[in-house]
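Here are my notes on this model, for you to read with the structure open. I've kept them to a few points.

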Amino acid sequence: MSKKENIPEILELKQAYEAQVAKTMEKRPERRKEFRTGGNIPLNRIYDPTDLEGFNYARDLGYPGRYPYTRGVQPTMYRGRLWTMRQYAGFGTAEESNERYRYLLSQGQTGLSVAFDLPTQIGYDSDHPMAQGECGKVGVAIDSLADMEILFDKIPLDKVSTSMTINAPASVLLAMYICVGEKQGVPMDKLSGTIQNDILKEYIARGTYIFPPKPSMRLITDIFEFCSNNVPKWNTISISGYHIREAGSTAAQEVAFTLADGIAYVEAAQKKGLDPNVFGQRLSFFFNAHNDFLEEVAKFRAARRMWGKIMKERFGVTDRKAQMLRFHTQTGGSTLTAQQPENNIVRVTMQALAAVLGGTQSLHTNSMDEALALPSEKSVGIALKTQQIIAYESGVADTIDPLAGSYVIESLTNKIQERAEEYISQIDDMGGMLIAIEKGYVQKHIQDSAYSYQRAVESGDAIVVGVNKFHIKEDHADMNLLKVDESVGERQVQKLKELREKRDNLKVKDTLENIRKAARDESVNLMPLILEAVRNYGTEGEICGVLREEFGEYTENIIL
């Protein structure tokens with residue numbers, strides 16, 4: 001594709017081929033009248049150079065590590081270093097989760113990814129009435145620095161990279177992590193990892209918000225500023241398309257709405273006086289990997305090219321690292337089925353391979369039993385080995401962007417970019433992502449896509465093996481599913497009681513009052529004050545409680 005194709009000759013060959021196809025179809029019609037990707041992009045029978053009219057190698061593709069980064073963000077990609085292999089994990093108490101983390105590290109995992117329980121995600125301590133029955137169920141229960149110390153016991157924070165899936169109370173959990181590092185003798189400028197810290201997708205798709213958008217954006221940009229000055233190796237946000245896709249979006253919508261969120265964060269940080277050439281280096285993204293293999297590979301490439309263009313042309317960013325879209329991928333939880341759960345191993349393998357061929361920087365592979373329960377040790381081991389087999393046995397990591405130049409891949413990459421840019425243009429015309437969310441524009445598009453897919457499954461137009469076709473009789477009794485004991489909540493409540501009896505409560509009261517005063521002054525960065533409260537064993541619920549009183553709580557605008 002680096003030289004001009006002989007289009008007239010190709011068209012002549014294509015005409016002869018189509019005549020042959022017509023004769024073949026008289027005897028053997030195709031399986032469907034029309035073929036489309038999972039994201040509803042029409043698929044041609046075959047692709048050739050005529051599908052890439054105007055394609056320019058230097059402008060549209062280029063080389064890895066160079067603008068527009070279509071082929072990857074590092075010059076040598078996986079030939080130099082493989083992606084970070086993370087397994088999103090956390091359940092029950094800090095002690096139980098610590099045991100799982102150490103097991104995964106012993107099996108070759110190269111980074112930790114922390115799942116927090118629902119009370120932690122929405123800023124409640126385990127003894128709050130709202131936490132009853134939820135402690136440790138979907139992640140680990142963390143109430144204070146004391147829990148975080150146990151969570152990372154015997155795990156050297158200067159030697160591992162940690163990702164934490166926490167949003168509304170992200171500043172509190174980051175402060176706890178920094179304090180654990182201090183207690184281990186690891187200064188904050190040596191810590192590496194990522195905090196999700198993406199509140200906009202909570203309003204769109206996930207729902208674990210606490211505060212209204214304006215103070216939430218303040219907390220996020222306070223983290224940007226604090227980490228730029230003090231925790232330079234930390235990724236200050238993971239702008240997440242994962243949950244947008246889980247809610248039912250198409251691949252193009254996932255790219256569009258995620259990058260639109262990214263634009264909103266960059267604009268908010270600029271208003272605070274931060275330089276996107278600096279904080280832009282620590283922005284990261286988080287995407288989903290679904291089953292439509294070719295579309296998923298193209299999606300990752302399109303997102304990377306689009307973000308490079310956005311940062312360079314829209315925000316005038318000149319630093320190469322700040323132009324790059326670096327991303328984590330998790331395989332699609334919503335694609336897993338409770339029926340025939342062993343089939344999920346195959347689904348996850350395809351999805352993980354698509355992420356690798358798309359150039360991901362880190363990867364989580366879901367476990368086969370996650371449609372039924374939290375993953376067991378055996379199933380999470382299989383999921384990790386899936387990544388290792390792709391890395392060391394498949395050969396796909398040995399050359400960079402191996403599907404580049406494929407007519408279908410390049411065509412799909414262009415089409416996803418075109419559709420995503422159209423959504424972003426409409427969001428810009430509304431006045432930006434916050435207004436688009438308030439109007440329900442984003443939510444409505446996701447809801448419509450989810451409804452269309454569900455109708456396709458119910459009608460049989462979309463086949464899900466083991467669900468609407470190829471059924472078998474099965475029994476899950478022998479799967480040894482993981483169950484979280486109800487006593488977790490009781491133990492957490494007891495630990496909190498003992499903590500409050502031992503700590504300096506007057507000191508905690510003073511630190512909380514300092515946070516209250518600072519919350520009223522937008523010129524003050526809240527992170528140092530939250531750090532001080534955490535050091536004195538102020539709890540997450542106490543800190544978030546003060547901010548709730550000052551900032552208020554967000555109430556969703558229901559869109560029908």
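Which residue does F286 stand opposite in β8? F286 faces H328 there.

1. Ground rules first. This is a predicted model, in which local features need pLDDT of at least 70 and side-chain atom pairs count only at pLDDT 80 or more, while totals for chains, interfaces and linings use all residues. Numbering starts from 1 along each chain as its sequence is written, and side-chain values use heavy atoms, with hydrogens and water left out.

2. The sheet is open, with nine strands in the order β5-β4-β3-β2-β1-β9-β8-β7-β6 and parallel pairing. (Strands are DSSP runs of E, at least two residues; helices are runs of H or I, at least four. A pair needs at least two DSSP bridges.) β5 (234-235) and β6 (237-240) are at the edges with a single partner strand each, so one side of each has no neighbour in the sheet. Between β7 (residues 283-289) and β8 (residues 327-331) there are five bridges.

3. Now look at α7 (residues 170-184). Its 15 residues should span 21 Å at 1.5 Å a residue, and the end C-alpha atoms are 21 Å apart, which agrees. (The expected span is 1.5 Å times one less than the number of residues.) Of those 15 residues, 12 are buried, meaning under 20% relative accessible area with a 1.4 Å probe, protein chains only. Among them are L173, Y177 and C179. Just after α7, G185 has a positive phi of about 85°.

Conventions
Buried means under 20% relative accessible area, exposed over 50%, partly exposed in between (1.4 Å probe, protein chains only).
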